[in-house]
Amino acid sequence: MSSIEAKLQELKDAGTYRVLPISEGPCEAIITLNGKKVINLSSNNYLGFASHPRLKKAAKAAIDTYGVGAGAVRTIVGNMDIHEKLDATIAKFKHEEAALVFQSGFACNAGVIQAITDENDLIISDELNHASIIDGVRLSKASRAVYQHSNMEDLEKVLKEKRNDYKEVLIITDGVFSMDGDIAKLPEIVRLAKKYKAMTYVDDAHGSGVLGHSGRGTVDHFGLTGQVDFAMGTLSKAIGVIGGYVCCSKTARDYLLHRGRPLLFSTALMPAAAAAAIEAFAMLEESTEYTDKLWANAKFFKAKLAEKGFDIGHSETPITPIMIGDEAKTMAFSRELLKRGVFVSGIVFPTVPKGKGRVRCMVSALHNQVMLSQAVDILYETAKEMKIL
Ligand SMILES: *Cc1c(COP(=O)(O)O)cnc(C)c1O
């Protein structure tokens, strides 16, 4: 244990040691954090579905019908009709051939990537891909290569050099990059994949419910529906519940039912979660009210920050980083903001590269312009005092 203690001390010395804040009550625009009311600029609850009355009602009804647990993995007796209905709902919403739900986005990436590749294959991954993709790649027996972030010349260079040495090649990218908010160059990735006969895998955790018509995601945003082999998403962010899924061909789904390890060895999603997610997709199909509000808020907030002179990076989505650089300063800024009534989490190494510390502001459909203006004022005053601006 002494080496773990030493590692903890290193974090404390670097100013990056953290104590988890405790939130009492639902995840909304104003939350009670450590006993104090603060403006919440840190959740992934983009559309406010996490505590929406319609989702709560659907979940409660499902508890009465199914109980609280699935009781087994999907491949034994945990595959309830509500799980099948959720798979079908997602495939229909995304206009894809099939979909398969896992217990979380993380479990989905960890399970699917290793299942669809083997020792004769190569995985090519964007250097800024999410940790769950990195872990999924680590679990695969395939060889690996990394290309510079969204650098299509570099991706093509890797394909040119290595394509012929492998049976299958899988290109993996985040649809929306979670720490910077930029969108993958999917049309170019799909074009290169066709040219070099590679498969494509898009993790759309931050694109689903945000981009595209009614929140259909990054693939829809670019009009590429049906052209990405594996379109993965999560039910825990814009959808507001829990769970992950992959859209793919019926054949691939069938294979994953046999080799997607989290599906075979971990109990199926809570049925009430499936019911709540089904309700969320119904709401997205009915109206663009929530996605419209999200984008209006994001645009308003970004314009205000830019006006004040903040460096907000190159985000193309509601994810709004405020670039700071130094790790300790980033964490100190976040702590000071919390004291003053705004919660924005500090994001530092290893989540982002060293020297690229930032606070990441997450705007949602639940905010209003009064709250966002107030948050910008507090951000500005604090940044001035701390010589960040
Ligand atoms: C959040 C996230 C995940 C994990 O999703 P969960 O459902 O929370 O496990 C996967 N990929 C990306 C890009 C994410 O941002």
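Biologist: Which residues touch the most other members of the largest nonpolar core?

Modeller: Tyr46, Leu47, Phe49, Leu86, Ile90 and Leu235 do, in a core of 49 residues. Helix 12 (271-286) gives the most to this core, with 11 residues. One caution: this is a predicted model, where local features need pLDDT of at least 70, side-chain atom pairs count only at pLDDT 80 or more, and totals for chains, interfaces and linings use all residues. Residues are numbered from 1 along each chain as its sequence is written, and side-chain values use heavy atoms, with hydrogens and water left out.

Biologist: What makes a set of residues a nonpolar core?

Modeller: The members are buried Ala, Val, Leu, Ile, Met, Phe, Trp, Tyr and Cys residues joined through side-chain atoms within 4.5 Å. There is also a second, separate core of 22 residues, which includes Val112, Met199, Met232 and Ala252.

Biologist: What does Leu235 touch, leaving aside neighbours within four places in sequence?

Modeller: Its contacts (heavy atoms within 4.5 Å) include Leu86, Ile90, Val101, Leu269, Ala277 and Phe281.

Biologist: Why is Ser345 called buried?

Modeller: Buried means under 20% relative accessible area, exposed over 50%, and partly exposed in between, using a 1.4 Å probe and protein chains only. Ser345 has 18% relative accessibility, so it counts as buried. Ser345 sits in strand 13 (residues 345-347) and touches Ser42, Ser334, Arg358, Val359 and Arg360, not counting residues up to four places away in sequence.

Biologist: And why is Asn34 called partly exposed?

Modeller: Asn34 has a relative accessible area of 47%, so it is partly exposed. Asn34 lies in the loop between strand 2 (30-33) and strand 3 (36-40). Its phi is near 50 degrees, a positive value in a residue other than glycine.

Biologist: Why are helix 5 and helix 6 called roughly parallel?

Modeller: Angles under 35 degrees count as roughly parallel, over 145 as roughly antiparallel, 65 to 115 as roughly perpendicular and the rest as oblique. The axes of helix 5 (residues 105-115) and helix 6 (residues 131-139) cross at roughly 30 degrees and come within 7 Å, so the two helices are roughly parallel. Among the residues that meet are Phe106 and Ile113 in helix 5, with Ile133 and Val137 in helix 6.

Biologist: Then why is the pair of helix 14 and helix 15 called oblique?

Modeller: Helix 14 (residues 327-339) and helix 15 (residues 369-385) pack at an angle of about 130 degrees, with their axes 10 Å apart. That angle falls in "the rest", so the pair is oblique. Phe333, Glu336 and Leu337 in helix 14 meet Ile378, Leu379, Thr382 and Ala383 in helix 15.

Biologist: How do the residues of that contact divide by class?

Modeller: There are 5 nonpolar, 1 polar and 1 charged. Here Ala, Val, Leu, Ile, Met, Phe, Trp, Tyr, Cys and Pro count as nonpolar, Asp, Glu, Lys and Arg as charged, and the others, Gly among them, as polar.

Technical notes. Axes fitted to C-alpha atoms, helices over the stretch in contact; angles between N-to-C directions. Helix = DSSP H or I, 4+ residues; strand = E, 2+ residues; numbered from the N terminus.
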